[in-house]
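Dear colleague,

I am passing on the structure below, and I would be glad if you could look through it with the notes that follow.

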Amino acid sequence: MALQVRGAVKRYADITAVAGVDLDIAYGTCLGLLGPNGAGKSTTMRLLTGQSRADEGTIEVLGYHVPEQSKQARALMGVVPQQDNLDIELTARQNLEVFAHLYRVPARDRRAAVDWALALAQLVDRADTKTEKLSGGMRRRLLIARGLVHRPRFVLLDEPTVGLDPQVRQELWALIDGLRIEGVTVLMSTHYIEEAERLADKVAVMSHGRVIARGRPTALLDEHAGRSAIEFYGNPERLLEVEGLAHAAGLPTRRTGPAVSVLRAEEMSPALADKLGEGVQRAANLEDVFVLLTGEKIE
Amino acid sequence: MTETRISLAQPMTRVRWLELSAMTGVWKHETTLFRRYWRSTTFSSVVEPTIYLLAFGFGFGSLVSVVNGYRYIEFLGTGVVATAVLFSSAFAGMFVTFIRRVYQKSYDAVLATPVDVHELVAAESTWIASKAGVYGCAPLLVATAFGLDPSWGMLLVPLIGFLTGLGFALFGIWASAVVPSIDSFNYIISGVLTPLFLVAGTFFPIEGLPEWARALAQVNPLFHCVQLVRHAAFGLQPLDDLYHAGALALFAALMGFLAERKMRSRLID
């Protein structure tokens with residue numbers, strides 16, 4: 001296993017940010033860490049680099065015990081933080097050069113590593129542009145390239161596409177998918193369901209510091225939301241009626257904006273379908289699982 | 001993914017408590033940045049002592065010609081070295097470190113690489129101290145233009161500036177981790193640094209001060225710096241100078257211990 005976390009607990013005074021997390025990631029696979037803001041995803045990431053110290057539990061990254069051997073683990077890891085902490089006074093190339101040094105890329109390989117990372121980030125033409133002059137998407141690509149300049153074996157991506165345009169997100173997805181194809185192990189936290197569905201081999205859903213579900217996206221769908229959903233529209237009374245009928249038949253529902261989605265629609269009896277009337281059928285997705293597991297209300 | 005000849009990251013074969021590779025990474029960051037701002041730093045490092053020398057030299061110099069056996073330009077030119085070292089080390093330690101840690105989050109990025117907190121603190125403080133050692137020479141050069149006679153002993157001044165700057169850089173780093181906000185530095189500047197540089201024998205001799213102030217000067221690192229610089233310029237006094245250098249080394253060691261502990265508590269939770 002590239003990563004083994006057992007019973008990790010992290011407390012800040014009265015708050016338990018991580019409450020007994022177990023995680024496993026096989027070499028060369030991508031685990032999507034899903035969860036709402038405040039679920040404990042970023043703290044879990046910091047535990048893996050030794051920048052947060054677990055109060056309980058054990059962590060092993062690439063065979064190294066963390067925090068005791070975190071330096072050895074960090075030498076083989078690449079970290080892409082959620083917050084852009086690039087040095088804005090430096091050019092794209094200079095940012096990469098600095099991190100090639102910090103990650104101890106041998107002197108003879110440094111220039112090639114920086115050129116490779118610039119190409120990876122599609123910033124060859126902007127290599128000598130100051131970072132503050134780059135667009136948000138370019139900066140995010142540079143941030144990812146900075147974490148990959150030493151060709152790590154294990155990459156932590158903390159919300160890699162948060163706040164980006166759909167086009168830029170697509171570009172980054174291709175980049176991350178390329179890592180997986182190359183055999184790099186990836187742990188990616190996200191609250192974009194589509195991102196996890198597209199990129200992750202397995203998904204772990206976190207809520208209130210715990211992993212409350214884990215597995216392949218398709219398995220999670222089968223277990224919690226079924227294969228299809230039917231959305232019913234109407235006034236509030238109508239939506240309440242749909243929810244009541246579905247629940248009475250043992251089918252889960254979730255609110256999706258102005259509609260109610262009845263999940264596991266493939267199990268719906270013809271009689272119930274008649275009662276519920278006309279709806280819009282769609283495939284169930286990880287968002288349905290996510291909302292079912294973490295609740296409909298934002299805390 | 002693009003075609004590449006770059007090999008995968010390799011496991012560390014040997015891990016030491018303090019690694020040069022970790023420190024050179026941090027120094028690379030600093031030297032890359034320094035290429036951008038060296039002009040403004042050099043400007044202020046040269047202009048500031050020039051102003052002090054002109055203001056105090058023409059002001060006090062017209063009233064007193066000899067202080068403690070030195071011509072006033074000799075007394076002042078060597079004393080202002082300590083002020084230049086203090087400003088270039090303590091302020092960098094305080095402001096730059098605070099901004100990098102709190103606003104830019106640069107240190108979070110550095111600590112995600114194979115660099116530990118003590119290596120980060122050691123690298124940052126030695127970099128600042130190196131600059132302080134170099135820029136501490138600026139007042140001597142300016143004073144030479146105003147009539148200070150050069151001497152071979154002055155070649156030791158960069159080392160004295162480095163040792164003093166190391167202590168004050170670490171003091172600044174510690175202070176940056178103690179204060180709740182950047183505004184709080186006002187308390188440190190007014191309450192600690194200003195008294196330190198006034199009661200160090202920089203502009204006037206401490207012999208004229210009350211006894212308690214003279215006693216306090218013995219625990220003022222800047223006083224020891226001033227004494228060492230004067231002895232380097234006008235004649236070493238080995239036993240005294242060992243004492244002064246020891247005091248500066250002790251100050252740096254104490255501040256290093258405090259800075260590392262406080263930075264660790266701020267950066268590793």
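**Chain A as a whole**

Of the 299 residues in chain A, 51% are buried. Please keep in mind while reading that this is a predicted model. The secondary structure of chain A comes to 11 helices and 14 strands, and its C-alpha atoms fill a box of roughly 75 × 45 × 35 Å along the principal axes. Among the contacts in chain A with a separation of 6 or more, 69% are between residues 24 or more positions apart.

**The six-stranded sheet of chain A**

One open sheet of chain A has six strands in the order E6-E7-E8-E3-E9-E10, and the pairing in it is mixed. Its edge strands are E6 (77-80) and E10 (210-215) of chain A, each of which pairs on one side only. On average, and with direction ignored, neighbouring strands of this sheet are turned by 15° against each other.

Strand E7 (residues 154-158) of chain A is in turn joined by five bridges to strand E8 (residues 185-190) of chain A, and the two run parallel; here A:Leu156 stands opposite A:Leu187 in E8(A).

Helix H5 (residues 136-148) of chain A lies across E6 and E7 of chain A, and runs at about 160° to E6(A). Helix H11 (residues 286-294) of chain A lies across strand E3 (30-34), strand E9 (202-207) and E10 of chain A, and runs at about 30° to E9(A). The buried residues of H11(A) include A:Leu286, A:Asp288, A:Val289, A:Phe290, A:Val291 and A:Thr294. After H11(A) comes A:Gly295, which has a positive phi, near 95°.

**The four-stranded sheet of chain A**

Another open sheet of chain A has four strands in the order E12-E13-E11-E14, with antiparallel pairing. Strand E12 (253-256) and strand E14 (280-283) of chain A stand at the edges, and because each has a single partner strand, one side of each is left without a neighbour in the sheet. Neighbouring strands are turned by 30° against each other on average in this sheet, direction ignored.

E12(A) pairs with strand E13 (residues 259-262) of chain A in the antiparallel sense, over four bridges, and A:Thr253 stands opposite A:Val262 in E13(A). Helix H9 (residues 236-248) of chain A lies across strand E11 (228-233), E12 and E13 of chain A, running at about 10° to E13(A).

**Where chain A meets chain B**

The contact between the chains takes 36 residues from chain A and 33 residues from chain B. On the side of chain A that touches chain B, helix H2 (70-76), helix H3 (92-102) and helix H4 (107-120) of chain A each supply at least two residues. By class, that side of chain A has 15 nonpolar, 10 polar and 11 charged residues.

**Helix packing in chain B**

In chain B, please look at helix H2 (residues 72-103) and two of its partners. The axes of H2(B) and helix H5 (residues 138-145) of chain B come within 8 Å and cross at roughly 160°, which means that H2(B) is roughly antiparallel to H5(B). Their crossing is right-handed. B:Ile73, B:Gly77, B:Val80, B:Val81 and B:Ala84 in H2(B) meet B:Ala138, B:Pro139, B:Leu140 and B:Ala143 in H5(B), a contact with eight nonpolar, one polar and no charged residues.

With helix H7 (residues 185-198) of chain B, the axis of H2(B) comes within 12 Å and crosses at roughly 160°, and therefore H2(B) is roughly antiparallel to H7(B) as well. H2(B) passes H7(B) in a right-handed crossing. Here B:Thr83, B:Leu86, B:Ala90, B:Met94 and B:Phe95 in H2(B) meet B:Phe185, B:Ile188, B:Leu193 and B:Phe197 in H7(B), and by class this contact has eight nonpolar, one polar and no charged residues.

With kind regards

Conventions:
Residues numbered from 1 in each chain as written. Chains lettered and ligands numbered in written order. Predicted model: local features only at pLDDT ≥ 70, side-chain atom pairs only at ≥ 80, totals over all residues. Axes fitted to C-alpha atoms, helices over the stretch in contact; angles between N-to-C directions. Parallel < 35°, antiparallel > 145°, perpendicular 65-115°, else oblique. Left-handed = near helix turned anticlockwise from the far one by under 90°. Contact = placed C-beta atoms within 7 Å. Nonpolar A, V, L, I, M, F, W, Y, C, P; charged D, E, K, R; others polar. Buried ≥ 20, exposed ≤ 12 C-beta atoms within 10 Å, placed from the backbone. Pairing = 2+ DSSP bridges.
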